[in-house]
Structure formats: structure tokens, C-alpha cells
Amino acid sequence: MDHSPAGSAPTLPVADEPQEYRSEFKREMGFWGNLALGFTYLSPVVGVYTTIGAAIAISGAPAFWWLVIAGFGQLLVAMVFGEVVSQYPIAGGIYPWNRKLWGRKWGWMSGWVYAVAICATIASVAYGAGPFLGSLLEVEMSPLANVMLALGILVIATLINYGGTKLLSKVAFFGFVAEIVATVVIGAWLLIGARKHDLSVLFTDFRPADLQGDAPFAMAFIGAAIMGIYLYYGFEANGDVAEEVVDPGRVIPKAMRMTVYIGGIASMFIALGLILAIPDFRAVMDGTATDPIGELFLSVFGAQGFKIVLVVVLVSYLSCTISLQAAASRLLFSMGRDRQLPGSALLRRFSERRAVPPYSLAAAGLLPAAFVVISLLSADALLAIVSFAALGIYLAFASVVAAYLRARFKGWQPSGHFRMGLWGIVVGCVALAYQLFAMFTLVQPIPGAVWYEAWLVALVAIVVLVVGLVYMTSARPYLNEPASLADGRDYAEPISPTEEIVDMAVRIDGGTPHPYPHRDSPRDGLHAGAQASAPDSLTPDPS
């Protein structure tokens, strides 16, 4: 794979849109801050603790292997995203990428789906943290108490995000370090001091004999895919903040891959410790053990140790909420900047003092809060919203991979710092196949439920898509002229060390640095002259 721009032919942008613009964000996020943002969004602790009980109940210990399978599939997706963001490092990620790769309608629809899905995910994480916070504070839990605790978590996350990119980077990095340390300590403790089984259980079918005779293990194993499918996303957040990252074309693709590597290894380590320490898999599978992970922690660490574990889990949930909200706010700002959503006049506003989009951040807190409050009126309504979260994110991911492949087949050659060459088409095809498999798994009906409950995930997805299509075709927001975009390169490449010194001095003085001029290099492919000569076959239909 070629990561160097040397010797590359000029590459042309896919979309016929203005290219020059001055980003209002401050580039204060480096590699480690960007990696921490993606990692805390992925959050092995939140992902594993939330899904491992259900996965083991379906297929037993072999559910572990879905962490390997899903990790490989999503790594391929991250590589596709890395190639796209390397050329188009624009705030908002999926929406602007698709707009450039395919066109205005495709970009708008993917942005709409992703916006709903990520707000639903924020709501689910905040709501899921409620019982842990309640247990730590010794609050008697009820639906109202859970809602209030979830709203408190959303308020804290919003206030931290209002602190700006630098504070976001620091908090994300703290969450990253805390989760890594906790994963190593807890996983090692379970493997060394609480292990009840050897590795052979990872290859053993623990289902009752009658079930083994009625259905092949492969069916149960596929059902347990939720553990991997619900875990491996978060690396798209690395690209959502592209206009806040120093040298994004180099940093973000690497941070995306490292998010999957480190997140996957951490997830496998803690999952292996939990699985080998569970005393009775059959009790989990027949429902006798209703809270296997909580019971395991309490028995292994004792009452006081369990409280420490709760603190670690809460830090992970809070970090995850903060990172999710940061990604959502940049998406809403990006679409608001291009006047694509109702309320764009507010969503596009930017606070120069804090270097954040305040109204987009508020929306990324209020919308999930509304979803949480809805649970007081109807628990089924919250279930429906949360059920769509993972499917919606996979739909948005697949839309980027599909747009990438379409552009590649039409002759587009990526020219960013990270390039896969011809291997990109192979990687993209396998990544899309995995995405389709994941979505097929997520929409499978729940056995034994009434039809509308059994097909809840698919039904909510249809509602979201139909509402989006109706608004898009009636209001036609995609026809609004977008803000002129320069793909976030204005501070990425200073022309000399002197410029860097001046930049630092201006920042220390509290001012906004002057944007650096773009270099006239073949890899840029973003200048008006290059755009004017773009082949017609790569120009999307503006209608």
C-alpha cells in the first residue's frame, strides 16, 4: 500500500462544488487525541458489558469469535474511510464524503440516517449508564430515576464538549487511558484469579441436547453476532472532527486503524476473562443467571471492589457519551453549514471564543435527551429508537463504501496521503459484503414475538428512511448551495517554520491564525483548475 504522494498522478474531486473555504475550527487535536476520541466512542467496556450476556445466552462461549470476525470486517471499512478522509478531511464525515463521492441526494440521505442513528446511540448509552450510576450512588432505581440519571450524564457530557477541542482531547485521552488500564487489570484478574475453564470452551456447544438436535450450531452462532456487530464502530468519529486535527490527511487514517486494533484487542482480552470466569454457561443460556456479569463481578471483587468496577464502567460510559456527542455535533454543524437541515441558521453558528458549534452541540444533547424522556411515556418507543441505532450506523457506513466503490469503478483515484491503490477495490468489496451481512443479521425477526415486535428494527429503519425521503423530495434541501469547502486543509500544511511560529504566537495571544495557502501539489487535487478539468463521468447530478 502506498502511503506517499510521490509519483502520483493528479486526482480530481468527484463532486462539482466550490472548493475554497476557511474553517472556523482550531486545529488542536493531534494523533493521540484523535485516537482517544475514536476509542472512547468504540468503548470496549461499554460494548462488551452490554452485549456479552445476551451473546452467551444465544451460543455460549463461542460467541467470543465474533469479536475477531467483526473486527476484521470493520477494519476493512476503516481502511476505506481512511482513504476517503485522507483526501476529504471535512467536519461531519459521512455526509460530506458521500456528497463528494456520489452527489447531493446521496450525501443528504446518508447524513440524515447517520444523524438519527447517532442521536439514538447517545440516548442508549446515557440510558444504559443509569443503572450503574444508580447502583454506585445507592439510588432506588425506577423508570423516572433512570431517566433523571441519564439526563445528568447528558448534561455533563454537553458541558465538557462546550469546553472546546483541547478539553475534548484531554478528556478523551483520560478516558482512553482509564479504560485501557481497567481492561488490563480486570481482564488479568479474571484470567489469573477467577478462571473456571480452559480455552476449549470457546469451541464447545453448550446448548441443551434437544436444541442441538433441532438446529445446527451455525444458526445459534450467527445469532450471537450482536457482540461484534454492536461493538466495532467509533472510528468514523476520527473523521467527524477532521477540521480540528493537525495534518488530518496523515493522522486520521492511522488513528482509525489504531482504534480498531487497540479497541479489538482490549475487547477480546476483557471478553476472554469474563467468559473463562463464568461458572455455568448453561445457567446463562436457560435464563437462570439473569445478570451473569454483575453476579460475576460481585463474587470476584467483593462489595467494595465492585464499587471500583462500577466507577470504571461509568467513566467508560461517560467518555463514550462525550465522544458520541462530539461526533454528532460536527455532523449537524456540517449539514447546517450547507443549509441541509431545519434550523440550519442556528446549527451553522460557530463560537469563535470556544471554537465549537454551540447550537449543534445543544442539539446533540437535546435530541438524545428527548429520546430518553420518551421512555416515561412509552418504554416501547425508547426500545424502537434504540433498536435502530446500530442498523442506522451500519446503513450510513455501507453508503460510504458503496459510494467509494462507485467512484472507483468510474475512474476516481484517491490522492490523499493514505492510498491502497488497486487493493482499495478489493478491500471495498469485502467491506461492503460484511456490512450487508451485519445489516441482514440486525433485521432478523425475534422468535416468538408478535410481528411488529419481531420486525421492530426493520420497521423503524423503514420509518426513518421514508421520513427522510419525504422531507428530501418535498423541501429539496440538497439544492441549497453549500458553504464553499476546501476539505479542511487550511491549517494542515504551514508553508514554512516561520508560519508555524507566527501561528503559535497568534494562538497564545488569543487570536485566530490566518489560513495557510494551499500548496500547488498533484496530490491536493482540490484546486479550481483541477476541478474544471474533471471528467463528466465523475460529476454527480446536481438535481
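In this predicted model, Pro-357 touches Phe-25, Ser-329, Phe-333, Leu-347, Arg-349 and Phe-350, leaving aside residues up to four places away in sequence. Pro-357 sits in the loop between helix H15 (344-347) and helix H16 (358-377).

- The C-alpha atoms of Pro-357 and Asn-161 are 9.9 Å apart, while the two residues are 196 places apart in sequence.
- Ala-355 belongs to the loop between H15 and H16 as well.
- The phi of Ala-355 is positive, about 60°, although the residue is not a glycine.
- Most residues other than glycine have a negative phi.
- Ala-355 counts as buried, at 2% relative accessibility.

- Arg-476, which is not a glycine, has a positive phi of about 50°.
- Arg-476 is located in the loop between helix H20 (456-475) and helix H21 (497-508).
- With 45% relative accessibility, Arg-476 counts as partly exposed.

**Nonpolar cores**

- The largest nonpolar core has 161 residues, and Leu-274 and Phe-297 have the most contacts inside it.
- Helix H14 (residues 292-337) contributes the most to this core, with 19 residues.
- Apart from this core lies another, of five residues, including Phe-25, Phe-333, Phe-350 and Ala-355.
- The contacts of Leu-274 are Val-48, Tyr-49, Ile-52, Leu-190, Ile-293, Leu-296 and Phe-297, not counting residues up to four places away in sequence.

**Aromatic pairs**

- The count comes to 30 aromatic pairs.
- Phe-25 and Phe-333 have ring centres 5.3 Å apart and planes at 85°, so this pair is edge-to-face.
- Phe-25 lies in the segment before helix H1 (31-42) and Phe-333 in helix H14, so the pair ties together parts that are 308 residues apart in sequence.
- Both Phe-25 and Phe-333 are buried.
- Tyr-49 and Phe-297 also form an edge-to-face pair, with 5.4 Å centre to centre and 65° between the planes.
- This pair links Tyr-49 in helix H2 (residues 44-59) with Phe-297 in helix H14, distant parts of the chain that are 248 residues apart.
- Tyr-49 is buried at a relative accessible area of 11%, and Phe-297 is buried at 3%.
- A cluster joined by ring pairs is made up of Tyr-41, Phe-81, Trp-97, Tyr-233, Phe-235, Tyr-394, Phe-397 and Tyr-434.
- Lys-254 lies over the face of Phe-31, at 5.0 Å from the ring centre.

**Helix H2**

- Of the 16 residues of H2, 12 are buried, so the helix is largely enclosed by the rest of the structure.
- Among the buried residues of H2 are Val-48, Tyr-49 and Ile-52, which are also contacts of Leu-274.
- H2 bends by about 40° at Ile-52.
- Gly-60 follows H2 and has a positive phi, near 80°.

**Ser-169 in helix H7**

- Ser-169 is part of helix H7 (residues 165-193).
- The relative accessible area of Ser-169 is 10%, so Ser-169 is buried.
- Ser-169 touches Glu-28, Met-29 and Gly-33, not counting residues up to four places away in sequence.

**Salt bridges**

- Side chains of opposite charge can pair when their charged atoms come close.
- The structure holds six salt bridges.
- One of them joins Glu-83 and Arg-408, whose closest N and O atoms are 3.5 Å apart.
- Glu-83 in helix H3 (residues 65-87) and Arg-408 in helix H17 (residues 379-409) are 325 residues apart, so the pair links distant parts of the chain.
- Glu-83 is buried at a relative accessible area of 0%, and Arg-408 counts as buried at 5% relative accessibility.
- Lys-307 and Glu-138 form a salt bridge through their side chains, at 3.5 Å from N to O.
- Lys-307 lies in helix H14 and Glu-138 in the loop between helix H5 (104-137) and helix H6 (143-161), so this pair ties together parts that are 169 residues apart in sequence.
- Lys-307 is partly exposed at 26% relative accessibility, whereas Glu-138 is exposed with a relative accessible area of 66%.
- The side chains of Asp-247 and Arg-250 form a salt bridge at 3.4 Å, N to O.
- Arg-250 is partly exposed, with a relative accessible area of 46%.

Technical notes: Residues numbered from 1 in each chain as written. Predicted model: local features only at pLDDT ≥ 70, side-chain atom pairs only at ≥ 80, totals over all residues. Heavy atoms only, no water. Core = buried A, V, L, I, M, F, W, Y, C linked by side-chain atoms within 4.5 Å. Buried < 20%, exposed > 50% of the residue type's maximum accessible area, 1.4 Å probe, protein only. Helix = DSSP H or I, 4+ residues; strand = E, 2+ residues; numbered from the N terminus. Contact = heavy atoms within 4.5 Å. Phe/Tyr/Trp six-rings, centres within 6.5 Å; stacked < 30°, edge-to-face > 60°. Lys NZ or Arg CZ within 6 Å of the ring centre and 35° of its normal. Bend = angle between axes of the 7 residues up to and from the residue. Salt bridge = Lys/Arg side-chain N within 4 Å of Asp/Glu carboxyl O.
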